[in-house]
Amino acid sequence: MNLNVTTQNMSILECFSSETRVRIIELLNGAPYNIGELAEALGVSSAMITKHIQKLEEAGIIATENVVGKRGTQKRCSLKMDQLVLVLRQEKAEPEHDATKYSVELPIGQYYRYEVQPTCGLASSDGQIGMADDPRYFDDPDHTKAEHLWFASGYLEYRIPNYLVGQSKPTRITVSLEICSEAPHYNENWPSDITFSLNGVDVATWTCPGDFGSKRGVYTPDWWIHTQYGLHKTISVTQEGSFIDGVRSSDVRIGDLHIHSGQELLFRIACPETAVHCGGVSLFGKGFGNYPQHIVVTLSC
């Protein structure tokens, strides 16, 4: 998760101002604890631990559940958030009254062109689509139902509807999605150089650190035993350049994409075999991973 360092996010930032809360996070990194166990490990009263847990839970950093123990019901605590990236330098927001914009959400299975190599496959929320490691199933009519898909190298390309009218000139395009590398089964130390392109122009390349599967994804179905979730990434192209999560990635500007009214936009996700780290791509839709979304595209004028 990426977090802008602003006063609007003080409730989350304040979680790290307490040594006790940081020590709670350290303990939960190893295994779940109940309130009593945390109190004993930290030498703090259960009442005080409960207050700290409430703040961490409200911030979305940990999750709790009531379980039956030897002495009645106990509250068990576990880490919900795997990482938190603080964004200090943020893009300047366009004034709302000066901008018109629209957003579309593209299901990850609605690509219109692809070229993929095994390991590869697709899955809906209900089950696997076709056979794994056979690229031909990326043509299966049910590919539009995919909530999770993966490939070791190659690309997917999506059509983005263009609702601009007249002489409207875009000032920003933003694409957000959940994504990670692709390793057989999973491997959390499996870097992959993933390139994002718009209208045939490479705007950003991001090296994903791995393919995540040691913890179950929040929305991943119980029957799925492989890759569990990805990282949430936001790619934006503005009049100043291109950015990933607010960090400048290239000098490509919105004008370089030649976006005109009436012409569709093309969005490509690629991991070529020639990449330094050819670690593949895994994509997640609403029914898999940690974020209930597909590929969200916003165009501002």
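I began at His-258, which I found in the loop between strand S15 (247-250) and strand S16 (265-271), where strands are DSSP runs of E of at least two residues and helices runs of H or I of at least four, numbered from the N terminus. I am working on a predicted model, in which local features need pLDDT of at least 70 and side-chain atom pairs count only at pLDDT 80 or more, while totals for chains, interfaces and linings use all residues. I note that residues are numbered from 1 along each chain as its sequence is written, and that side-chain values use heavy atoms, with hydrogens and water left out.

**Backbone entries**

I looked up phi for His-258 and found a positive value of about 50°, although the residue is not a glycine. His-258 is exposed because its relative accessible area is 56%; here exposed means over 50%, buried under 20% and partly exposed in between, with a 1.4 Å probe and protein chains only. I then turned to His-185, in the loop between S10 and strand S11 (192-198), which has a positive phi of about 65° and is not a glycine either. His-185 has 42% relative accessibility and therefore counts as partly exposed. I wrote these down because most residues other than glycine have a negative phi, and most peptide bonds are trans. I also found a cis peptide bond joining Pro-118 and Thr-119, with omega about 5°, and I placed Thr-119 in strand S7 (residues 113-123).

**Cysteine entries**

I searched the whole structure for disulfides, taken as pairs of cysteine sulfur atoms within 2.5 Å, and the search gave zero. For Cys-15 the closest cysteine sulfur is in Cys-77, and at 13 Å it is too far for a bond. Cys-120 is likewise in no disulfide, as the nearest cysteine sulfur, that of Cys-278, is 13 Å away. Cys-15 counts as buried, at 0% relative accessibility, and Cys-120 counts as buried at 0% as well.

**Thr-174**

I located Thr-174 in strand S10 (residues 172-180), and at 18% relative accessibility it counts as buried. Leaving out residues up to four places away in sequence, I found that Thr-174 touches Thr-234, Ile-235, Ser-236, Val-296, Val-297 and Thr-298, a contact being heavy atoms within 4.5 Å.

**Whole chain**

I recorded four helices and 18 strands in the chain, and buried residues make up 46% of its 301 residues. Of the contacts with a separation of 6 or more, 70% come from residues 24 or more positions apart. The C-alpha trace spans about 65 × 50 × 30 Å along its principal axes.
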